[in-house]
Amino acid sequence: MRVGVGVVVWRGDRVLLVRRGRPPRLGEWGLPGGGQEVGETLFEAAVREVREETGVTIEPLQILTAVDGITRDEEGRVRFHYTLIEVAAEWRAGEPRPSDDVTDVRWAGLEEVEELVAWDETRRIIELAARSRLSAAPRLKSRPSIGRLMRSPLGSLIARPWFDDVTLRLLRDWVFPMWRSWAAAQEAGGDVERFCRSLGIDPAELGRANRLAGTLAEVERAKARAVAADREWERLLFGAPLADARDAIAAEEERLDAAHALTVTALRFAVFARARRIPACRWAIPSPAEVEARHGARLTDPGRAYLLPESLPAVEESRRLASDSGQEYWLRFPSPYPDIGSPCWARVFEPAGVADPPTVIYLHGICIEADHIRSPLREVETLLREGVRVVAPEAPWHGRRRM
């Protein structure tokens, strides 16, 4: 009997598998590992065995469990007996390549593990490592809780019809003009005259003491930061699935921080837009002929107006990030309306510990930027606690889908 080490090596959401080139379990997919040498610590053995078998450098993190690997011949006599100490580790460097002891090596997702690994005990160990890793994984920051507010006396006060009347007046007189000015600021690129032309303002009326140039420069800096953060976020969550989870978490936090910082610059235009009576909307009403050209086909056969297309677009799924409620990830696919000029986006919230949960499609309202401002998640939190998956699409003219 020998004491050995088996190593569950993670790189992103995938685990390192090797196909054994020697007995025991010749030809089967399993975990890298081998015998511990005299004078060698368990973690030292783990680092050495993985490097020898795959060429990969790892960082051992914790001991998971111990198992007995016993192989018998046809007459029931013991041929091999290893007591294996299973260790969890993270990839640090190197691309995997097979050595003399293994014939193949690969990174595999948990779904692939079920198909490739024959030994039940190895599958159990990987599942144990995945659960342990999820509980210790870096997590997204918690959102502000709206539940505490709504349970307070203030919550019972605002949950009344008068609040809707006040909100509608605020939208018309303050919020819409503010957002319209903010959109013009982002298009202006710091140019005061271009900003004024977009809103129908005479620059001469602003006077020498106006601070508009500084405000536009602030918006431009915030916009540049948000664009850079979003690109890095897309790279790590969609283009680099084997990136370290900490890097992906950091990219999401920076994306949300940068988007939040850009979004709140809209507040700089609240008084400006109200004082100059910026119209809430810039009307561009299409002619009857334009409406007929775009929508006439629907009217001729209303029953088929909103059927799904014959071929649906491919939906990309980002890597999954751990959160207090479970995990979050994003979906994207090409928009069927090229006028929008952006993919369709949806954020998915999945509850922890629920297999194949029921799903609710959660649509947001006007002036809501749930994926671009650190606002409470409202009903999403309640649904997750009840074991429901929430898919939150991002509507056109919001967030990444602003034209």
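Trainee: How accessible is Glu232, and what does that count as?
Mentor: Glu232 has 33% relative accessibility and counts as partly exposed. Buried means under 20% relative accessible area, exposed over 50%, and partly exposed in between, with a 1.4 Å probe and protein chains only.

Trainee: What kind of model am I looking at?
Mentor: A predicted model: local features need pLDDT of at least 70, side-chain atom pairs count only at pLDDT 80 or more, and totals for chains, interfaces and linings use all residues. Residues are numbered from 1 along each chain as its sequence is written, and side-chain values use heavy atoms, leaving out hydrogens and water.

Trainee: Back to Glu232. Which residue does Glu232 form a salt bridge with?
Mentor: Arg235, with the closest N and O atoms 2.9 Å apart. A salt bridge here is a side-chain nitrogen of Lys or Arg within 4 Å of a carboxyl oxygen of Asp or Glu. Arg235 is partly exposed too, at 44% relative accessibility.

Trainee: Where do Glu232 and Arg235 sit?
Mentor: Both are in helix H8 (residues 212-239). They are three residues apart, so about one helical turn separates them. Helices (H or I, at least four residues) and strands (E, at least two) are DSSP runs, numbered from the N terminus.

Trainee: How many salt bridges does a search of the whole structure find?
Mentor: The search finds 32. One of them joins Glu121 and Arg124, at 2.6 Å from N to O. Those two are three residues apart in helix H3 (residues 120-136). Glu121 is partly exposed at 23%, and so is Arg124 at 34%.

Trainee: What about Glu252? Which residue is its salt bridge with?
Mentor: Arg347, with the closest N and O atoms 3.3 Å apart. This pair links distant parts of the chain: Glu252 is in helix H9 (residues 245-264) and Arg347 in strand E11, 95 residues apart.

Trainee: Is Glu252 buried or exposed?
Mentor: Buried, with a relative accessible area of 2%. Arg347 is buried as well, at 5%. Salt bridges with shared partners join Asp230, Glu252, Arg255, Glu328, Arg347, Asp371, Glu394 and Arg400 into one network.

Trainee: New topic. How many cavities of 30 Å³ or more turn up?
Mentor: One. Of the 21 lining residues, the closest to its centre are His364, Ala370, Asp371, Ala392 and Pro393. A cavity is a set of points on a 1 Å grid over the protein atoms alone where a 1.4 Å probe fits but cannot get out; lining residues have an atom within 4 Å of a point. Points join across faces, edges and corners, and the volume is the space filled by probe spheres set on them.

Trainee: Which element gives the most to the lining of that cavity?
Mentor: E11, with four residues.

Trainee: And the surface? Which residues make the nonpolar patch?
Mentor: Leu154, Leu157, Trp162, Phe163, Val166, Leu170, Trp174 and Val271, making about 720 Å². Helix H5 (153-158) and helix H6 (161-188) each give two or more residues. H6 gives the most, with five. Val271 is in helix H10 and is exposed at 60%. Patch residues have over 30% relative accessible area and no salt bridge; like charges are joined within 9 Å, nonpolar side chains (Val, Leu, Ile, Met, Phe, Trp, Tyr) within 5 Å. Accessible areas come from the Shrake-Rupley method with a 1.4 Å probe; for residues, only the protein chains shown count as cover.

Definitions and conventions. On a 1 Å grid over the protein atoms alone, a cavity is a set of points where a 1.4 Å probe fits but cannot get out, and a pocket is an open set with protein on both sides within 12 Å along at least five of seven lines; lining residues have an atom within 4 Å of a point.
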